[in-house]
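Here is a short briefing to read alongside your model. Have the sequence and the 3D view open as you go.

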Amino acid sequence: MHGKRVQIDDDTWRALDLLARDRRVEFQKLAEEAFIDLLRKHNRPIQLKSALRESGRKGSTHSAKA
């Protein structure tokens with residue numbers, strides 16, 4: 001698992017901390033959920049299998065047009 005540091009302003013941190021407490025989950029779970037949602041929003045694959053499958057679809061589309 002990779003680790004990175006991000007800076008979050010105090011108000012956002014307090015809101016996230018409260019959400020984590022209300023949901024009884026750790027901040028890590030909230031962050032993972034947020035990043036997965038962001039990737040989905042931008043139609044980006046989350047797992048390697050999905051990325052390879054999507055890459056294969058794009059490759060066959062380009063081949064058909066040529």
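Which helix gives the most to the lining of the largest pocket? Helix 2 (residues 27-41) does, with seven residues. This is a predicted model, where local features need pLDDT of at least 70, side-chain atom pairs count only at pLDDT 80 or more, and totals for chains, interfaces and linings use all residues. Residues are numbered from 1 along each chain as its sequence is written, and side-chain values use heavy atoms, leaving out hydrogens and water.

**The largest pocket**
- Its volume is about 530 Å³, taken as the space filled by probe spheres set on the grid points.
- Among the 15 lining residues, Lys-4, Val-6, Gln-28, Ala-31 and Phe-35 are the closest to the pocket's centre.
- The lining divides into nine nonpolar, three polar and three charged residues.
- A pocket here is an open set of points on a 1 Å grid, fitting a 1.4 Å probe, with protein on both sides within 12 Å along at least five of seven lines; lining residues have an atom within 4 Å of a point.

**Salt bridges**
- The whole structure has three salt bridges (a side-chain nitrogen of Lys or Arg within 4 Å of a carboxyl oxygen of Asp or Glu).
- Asp-11 pairs with Arg-14 at 2.7 Å; both lie in helix 1 (residues 10-23), three residues apart.
- Arg-21 and Asp-17 meet at 2.9 Å, N to O, and are about one helical turn apart in helix 1.
- Arg-23 forms a salt bridge with Glu-33 at 3.1 Å. Arg-23 lies in helix 1 and Glu-33 in helix 2, so this pair ties together parts that are 10 residues apart in sequence.
- Helices are DSSP runs (H or I, at least four residues), numbered from the N terminus.

Methods: Helices (H or I, at least four residues) and strands (E, at least two) are DSSP runs, numbered from the N terminus. Ala, Val, Leu, Ile, Met, Phe, Trp, Tyr, Cys and Pro count as nonpolar, Asp, Glu, Lys and Arg as charged, and the others, Gly among them, as polar.
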